[in-house]
Amino acid sequence: MVKYYHGGTPGLGPGDFLLPPSESGYPYPCDLFGGLGRRDRVYVTTSAEDAALFAAFHPWRRGNVYEVEPELPLEPDPDCNEPGLSFATKKAKIVKVVA
C-alpha cells in the first residue's frame, strides 16, 4: 500500500483535512520556489523526506509532516521530474502527524 505525505501548515491533527491555499487562506509555500504549483490543489508525495523539506520551508518556519489520505483522483505534479513522487489533489485527510 502506498503512503502519502504532506509537509506544511502546522497544528493540524488526525481527522483534519488539508485544503488548498485558495480555500484555507494559509500562506502558499510554493511561492518560495518560483511560483510552482497551483493554489487550488494540495500537494502530496510518496516520500516523507521530501515532505519534511517542504515543512522546513513553510513561511511560518514550523511546518509539520503528515501522513495523509488524498482525495482521488490524484493528478501528477507537472513540476516534478520524478514519476510517482509528487501529486496534486483537491484535499487530503490527515491520518497521523509524522513530525
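Buried means under 20% relative accessible area, partly exposed is in between, and exposed is over 50% (1.4 Å probe, protein chains only). This is a predicted model: local features need pLDDT of at least 70, side-chain atom pairs count only at pLDDT 80 or more, and totals for chains, interfaces and linings use all residues. Residues are numbered from 1 along each chain as its sequence is written, and side-chain values use heavy atoms, leaving out hydrogens and water.

**View A. Arg41, tucked into a loop.** Look for Arg41 in the loop between α1 (21–24) and β3 (42–45); helices (H or I, at least four residues) and strands (E, at least two) are DSSP runs, numbered from the N terminus. Arg41 counts as buried because its relative accessible area is 11%. Its side chain makes a polar contact with the side chain of Glu75 at 3.1 Å (a pair of N or O atoms within 3.5 Å; within protein, one must be able to donate a hydrogen and the other to accept it, and residues adjacent in sequence count only if both atoms are side-chain atoms).

View B. In β1 (residues 4–8), 5 of its 5 residues are buried. Tyr4, His6 and Gly8 point one way, while Tyr5 and Gly7 point the other. In a regular strand, side chains alternate between the two faces of the sheet. β1 pairs with β4 (residues 64–70) in the antiparallel sense over 5 bridges; pairing takes at least two bridges found by DSSP. Gly8 has Asn64 as its bridge partner in β4.

**View C. Around Phe87.** Setting aside neighbours within four places in sequence, Phe87 is in contact (heavy atoms within 4.5 Å) with residues including Tyr4, Val42, Val44 and Leu74.
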